[in-house]
Amino acid sequence: MITGLIGIAGFGVSLLLDGLMNKLFFEKTGYTLLILYYLALVPFLYSLFHVLRILRFISLDIIPFIQIYQSMQSIKT
């Protein structure tokens, strides 16, 4: 899932650079939506990393509550 999101993000960067070079940045709504996508992608990947970290901790025999609590607080913020 993460690999797919990063692949789509890489494709979007090339589109944004093309729009910037051709000065079509704010003339078409697709560029604005792509910028909003990037603004939403960064917090999503951050929270996904912490959710996977929590799941890894739960799968261990000894559950470290402090690390799980810290990851949950990171997701909350």
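I start with Ala-9, which is found in helix H1, residues 2-21. Helices here are DSSP runs of H or I with at least four residues, strands are runs of E with at least two, and both are numbered from the N terminus. Before going further, note that this is a predicted model: local features need pLDDT of at least 70, side-chain atom pairs count only at pLDDT 80 or more, and totals for chains, interfaces and linings use all residues. Residues are numbered from 1 along each chain as its sequence is written, and side-chain values use heavy atoms, with hydrogens and water left out.

Back to Ala-9. Its relative accessible area is 11%, so Ala-9 is buried. Buried means under 20% relative accessible area, exposed means over 50%, and partly exposed is in between, with a 1.4 Å probe and protein chains only. What does Ala-9 contact, leaving aside its neighbours within four places in sequence? Tyr-37, Tyr-38 and Leu-41, where contact means heavy atoms within 4.5 Å. Ala-9 and Tyr-38 are 29 residues apart along the chain, and their C-alpha atoms are separated by 7.5 Å.

Now the overall picture. The protein chain has three helices and zero strands, in the pattern α-α-α along the sequence. Of its 77 residues, 22% are buried. Among contacts with a separation of 6 or more, 45% are between residues 24 or more positions apart. The accessible surface is about 6,000 Å², and carbon and sulfur atoms account for 74% of that. Accessible areas come from the Shrake-Rupley method with a 1.4 Å probe; for residues, only the protein chains shown count as cover.

Next, H2. This helix has 31 residues and reaches 44 Å from its first C-alpha to its last, close to the 45 Å expected at 1.5 Å a residue. The expected span is 1.5 Å times one less than the number of residues. The buried residues of H2 include Tyr-38 and Leu-41, both already mentioned as contacts of Ala-9. Also buried in H2 are Tyr-31, Leu-34, Ser-47, Leu-48, His-50, Ile-54 and Phe-57.

Why does His-50 count as buried? Because its relative accessibility is 5%. Not counting residues up to four places away in sequence, His-50 touches Ser-71, Ser-74 and Ile-75.

That brings us to H3, residues 65-76. Its 12 residues should span 16 Å at 1.5 Å a residue, and the end C-alpha atoms are 16 Å apart, which agrees. The buried residues of H3 are Ile-68, Ser-71 and Ser-74. They cover an arc of only 120° around the axis, so they sit on the same side of H3; the arc is that of the directions from the helix axis to the C-beta atoms. H2 is part of what covers them. The face of H3 turned away from its buried side carries the exposed residues Phe-65, Ile-66, Tyr-69 and Lys-76.

In the loop between H2 and H3 lies Ile-63. Ile-63 is partly exposed, with a relative accessible area of 35%. Not counting residues up to four places away in sequence, Ile-63 touches Phe-57 and Ile-68.

Last, the surface. Val-51, Leu-52, Leu-55, Ile-58 and Ile-75 form a nonpolar patch with about 400 Å² of accessible area together. Patches are made of residues with over 30% relative accessible area and no salt bridge, with like charges joined within 9 Å and nonpolar side chains (Val, Leu, Ile, Met, Phe, Trp, Tyr) within 5 Å. A salt bridge is a side-chain nitrogen of Lys or Arg within 4 Å of a carboxyl oxygen of Asp or Glu. Helix H2, residues 29-59, contributes the largest share of the patch, four residues. Val-51 is in H2 and is partly exposed, at 36% relative accessible area.
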